[in-house]
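Please keep the sequence and the model in view while reading.

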Amino acid sequence: MFNSTAFRKNLVLLPLVLIIVLVFMVFYGGHQIRKGDGKDEKTDLFEQKDEKTELLEQKDEKTELLEQKDEKIELLVEKDEKTELIEYKDEKMGLGKQKNEKTGLFEKNFNKKNKKDEMMESFREKDSALVEEVLTMDPKSFSQVDAMHKFYWLLSFPVQGVCRILKRIGGQWLIRQVDGDKFVCMDNMMADKPCLIYSFGISNDWTFEDFMDFRGCEIHAHDPTVDFPETRGDNITFYKLGLGSETTSNMDTLANILKKNGHKDTAIEYLKIDIEEAELTGLPDWLKTGALDNVNQLAMEIHLSSLHNGPNFIWLLEILQQLYKLEFRLISCEVNKGMGK
């Protein structure tokens, strides 16, 4: 960087050196003249001295000009520094504008979230009458025919205020429609919460389990009727074991299975059950033992054909009511046309 102060010091020293040299030369010249005898020679010497004095004055003027130039340079430097400050200030103002834009974006997203919450609240408000009806009804007050009608009516109106993001996952095309697909509420999974899944009933369809494994969930899959390797994908463990209401050589209760795997008190995000009518005898046991207490979602294929052979829909209304008392809410229901069930 150019140092204007050092430059001025050098300029000041230059005339001093010149003066010292000239003075020495003047005295040296005078000594030589005194050795002579002519008056004109002295006059010439004085004239030469005047010329040298003029040269010194000219040099002084040049020195002053250089100093003025230095002062101008200093002014320019100061001006540059002020320009830099202005530019820095402009940058800060630009950052401030960006910050305001980001703040505006946050406010926009915050308002969107509030609107979503308000929408879900409105759905819950609308659902409240239906939920209250299920919780307070007296199943035994219905006839078996009325209980059947009531059960199907309740299945036809899933509540809308529980799940924000509902996705249909897995399944295979079978005769007239997709079979084996499951509806999953993704709210907790989208929030990166732990995802533990228990699946009972695989047959030869891994589409649901494979996708949830891809999603990063830990999956424990069970089926006593098929043979598969113990591990599959990244997070799937297979057990050649069935789910029932009692313990046998190839069956066990839900409470025992969770306990053996160390998941008795662990949140089960999703429990998938497709066990070909064994759910009808298993449901009372799962409710009695508290095996469903830590389950967040229960996806179950209910096989109702046998219930139509006898008066069992009052019992089924009681099961539905107990599930609602555990804070389960029906969010999806469809008829399996492919299997005629």
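Leaving aside its neighbours within four places in sequence, with which residues is Arg-168 in contact? Arg-168 is in contact with Val-178, Asp-181, Lys-182, Phe-183 and Glu-334, where contact means heavy atoms within 4.5 Å. The model is predicted: local features need pLDDT of at least 70 and side-chain atom pairs count only at pLDDT 80 or more, while totals for chains, interfaces and linings use all residues. Residues are numbered from 1 along each chain as its sequence is written, and side-chain values use heavy atoms, with hydrogens and water left out.

**The chain as a whole**

- The protein chain has 8 helices and 12 strands; helices (H or I, at least four residues) and strands (E, at least two) are DSSP runs, numbered from the N terminus.
- Of the 341 residues in the protein chain, 31% are buried; buried means under 20% relative accessible area, exposed over 50%, and partly exposed in between, with a 1.4 Å probe and protein chains only.
- The accessible surface of the protein chain is about 22800 Å², and 56% of this surface belongs to carbon and sulfur atoms; such areas come from the Shrake-Rupley method with a 1.4 Å probe.
- Among contacts between residues at least 6 apart in sequence, 62% join residues at least 24 apart.

**Arg-168**

- Arg-168 is found in strand E1, which covers residues 166-169.
- With 46% relative accessibility, Arg-168 counts as partly exposed.
- Arg-168 and Cys-185 are 17 residues apart in sequence, and their C-alpha atoms are 9.0 Å apart in space.

**Helix packing**

- Two packed helices are described by the angle between their axes and the distance between the axes.
- Helix H7 (residues 278-289) packs with helix H8 (residues 313-325) at an angle of about 40°, their axes being 11 Å apart; axes are lines fitted to C-alpha atoms, for helices over the stretch in contact, and angles run from 0 to 180 degrees between N-to-C directions.
- H7 and H8 are therefore oblique to each other; angles under 35 degrees count as roughly parallel, over 145 as roughly antiparallel, 65 to 115 as roughly perpendicular, and the rest as oblique.
- The contact is made by Leu-280, Leu-283, Pro-284 and Leu-287 of H7 and by Trp-315, Ile-319, Gln-322 and Leu-323 of H8.
- By class, the contact of H7 with H8 has 7 nonpolar, 1 polar and no charged residues; Ala, Val, Leu, Ile, Met, Phe, Trp, Tyr, Cys and Pro count as nonpolar, Asp, Glu, Lys and Arg as charged, and the others, Gly among them, as polar.
- The axes of helix H3 (residues 144-155) and H8 come within 8 Å and cross at roughly 40°, and H3 and H8 are therefore oblique to each other.
- Residues in the contact of H3 with H8 include Ala-147, Met-148 and Phe-151 of H3 and Phe-313, Leu-316 and Leu-320 of H8.
- The contact of H3 with H8 has 10 nonpolar, 1 polar and 1 charged residues.

**Positive phi values in loops**

- Most residues other than glycine have a negative phi.
- Ser-203 has a positive phi, near 55°, and lies in the loop between strand E5 (196-200) and helix H5 (207-214).
- Ser-203 counts as partly exposed because its relative accessibility is 41%.
- Glu-276 has a positive phi, near 50°, and is found in the loop between strand E11 (270-273) and H7.
- Glu-276 counts as partly exposed, at 48% relative accessibility.
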